[in-house]
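Below are some notes for a colleague who is opening this structure for the first time. They are set out as numbered points and can be read alongside the viewer.

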Amino acid sequence: MTVTVVVGGFFGDEGKGKIISYLAQKDSPVIIVRGGAGPNAGHTICDEHKTYKVRMLPCGFLNPGARVMIGPGVVVNPKILLQEIDEFGAKGRALIDKKCGIIEDSHISRDSDLKSKIGSTGSGTGPANADRAMRELKMAEDVESLSALLTDVPGEINGAISAGRNVLIEGTQGTFLSLWHGTYPFVTSKDVTASGICADVGVGPTKVDEVIVVFKAYVTRVGDGMLNGELAAEEAEARGWSEVGTVTGRPRRAADFDFELAGRAVMLNGATQISLTKLDVLFPECAKKTAYDELSKQAQSFVEEIEGRLATPVTVIGTGPAVRDIIDRRS
């Protein structure tokens, strides 16, 4: 039995969706549960010839044998959630906690101020979390359209853990978008480190076996806020690092891998493993490789430098956009 938490190490956009989708199929968890802020965080998943862009549903939905859940710490937009359950074939196995908060139209309207001030996604997530803090937010148990999806998510998860089953806990966004630990005020509306994600889904720290922090082989960030060593847009494009955000479609700013920031992310999350994505973008000769000894010497040196400087093993490496473009070095 293993309880694994997966979180982002930089500013989101690290490729968590791909890694979670891979682990969801490889490790056969019975429950995949999402923590985090709300539909302001998107994940992109490429599976064979199809690309999914997910905002509410846990990324592990590609495992048809797993139940996918949303913890009580997450605010939910019912329209987006129900649409994704239908579109991605998760009917009958997608559940949410009855204490999930609900995003309403008024929250989306209020979010326009934050959108202009700090580059919020405009999803209504921040205002909904603010209303929750003020004890004014509607709960999922009060929304008729969600009644068939309601369950006690912490009870379900801890029951599975007690029965010796695998559980995968899915974080959103990235460490330095945390309300507590990020680049305030250019942050999300709550903590999104491993501790916060566990609290969102109702799992105590002694139940967690592995914390995987996901880094991209370079750093990107959507919106305003600090980005050390930021490259000019022309340089990022020349390197093939031009990207856009999953939710907003805004261009991502880019910089070289930041070892100091990564080290702090390892510390804040208590990471036991590192997943490194988009190694193929940094080293094109490594595209779609599935064994470590197939990587170029330069790529291996980069991986080993990360392991040495962060004192944490790099166990899962992404070498392409598809879920199976992975090198899995876990024992």
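Leaving aside its neighbours within four places in sequence, which residues is Leu-231 in contact with?

1. The model is a predicted one. Leu-231 is found in the loop between strand E12 (218–222) and helix H7 (233–238). Its contacts, with neighbours within four places in sequence left out, are Ala-236, Arg-239, Trp-241, Ala-254 and Ala-255. For one of these, Ala-255, the C-alpha atom is separated from that of Leu-231 by 5.4 Å, although the two residues are 24 residues apart along the chain. Leu-231 has a relative accessible area of 16%, so the residue is buried.

2. Strand E12 itself contains Val-219. At a relative accessible area of 2%, Val-219 is buried. Beyond its neighbours within four places in sequence, Val-219 is in contact with Phe-10, Phe-11, Leu-227, Arg-253, Ala-254, Ala-255, Asp-256, Phe-257 and Asp-258. Arg-309 is 90 residues from Val-219 along the chain, and the C-alpha atoms of the two are separated by 17 Å.

3. The axes of helix H8 (residues 259–269) and helix H10 (residues 297–310) come within 10 Å and cross at roughly 55°. That angle makes H8 oblique to H10. The crossing of the two helices is right-handed. On the H8 side the contact involves Phe-259, Ala-262, Gly-263 and Val-266, and these meet Phe-302, Glu-305, Ile-306, Arg-309 and Leu-310 in H10. By type, the residues of this contact are 6 nonpolar, 1 polar and 2 charged.

4. H8 has a further partner in helix H6 (194–201). H6 is mostly covered, with 6 of its 8 residues buried. The buried ones are Ala-194, Gly-196, Ile-197, Cys-198, Asp-200 and Val-201. These residues pack against strand E1 (3–8), E2, helix H5 (153–162), E10, strand E11 (210–216) and H8. Just after H6 comes Gly-202, where phi is positive, at about 85°.

5. How many disulfides does a search of the whole structure find? The search finds 0. Cys-198, one of the buried residues of H6, is in no disulfide, and the nearest cysteine sulfur, that of Cys-100, is 16 Å away. Cys-198 has 9% relative accessibility and therefore counts as buried. Cys-286 is likewise in no disulfide; for Cys-286 the nearest cysteine sulfur is that of Cys-46, 19 Å away. With a relative accessible area of 0%, Cys-286 is buried.

6. Some backbone geometry deserves a look. Most residues other than glycine have a negative phi, and most peptide bonds are trans. The bond from Tyr-184 to Pro-185 is cis, with omega near 10°. Pro-185 is found in the loop between strand E10 (167–170) and H6.

7. Ser-28 has a positive phi near 50° and is found in the loop between helix H1 (16–26) and strand E2 (31–34). Its relative accessibility is 48%, so Ser-28 counts as partly exposed. Arg-135 has a positive phi near 65° and is found in the loop between helix H4 (125–133) and strand E9 (150–151). Is Arg-135 buried or exposed? Its relative accessible area is 76%, which means that Arg-135 is exposed.

8. The last point concerns Ile-108, which lies in helix H3 (residues 105–118). Ile-108 has a relative accessible area of 34% and is therefore partly exposed. Apart from neighbours within four places in sequence, Ile-108 is in contact with Asn-77, Ile-103, Gly-122, Ser-123 and Gly-124. Ile-80 is 28 residues from Ile-108 along the chain, and the C-alpha atoms of this pair are separated by 13 Å.

How values were computed: Residues numbered from 1 in each chain as written. Predicted model: local features only at pLDDT ≥ 70, side-chain atom pairs only at ≥ 80, totals over all residues. Heavy atoms only, no water. Axes fitted to C-alpha atoms, helices over the stretch in contact; angles between N-to-C directions. Helix = DSSP H or I, 4+ residues; strand = E, 2+ residues; numbered from the N terminus. Parallel < 35°, antiparallel > 145°, perpendicular 65-115°, else oblique. Left-handed = near helix turned anticlockwise from the far one by under 90°. Contact = heavy atoms within 4.5 Å. Nonpolar A, V, L, I, M, F, W, Y, C, P; charged D, E, K, R; others polar. Disulfide = S-S within 2.5 Å. Buried < 20%, exposed > 50% of the residue type's maximum accessible area, 1.4 Å probe, protein only.
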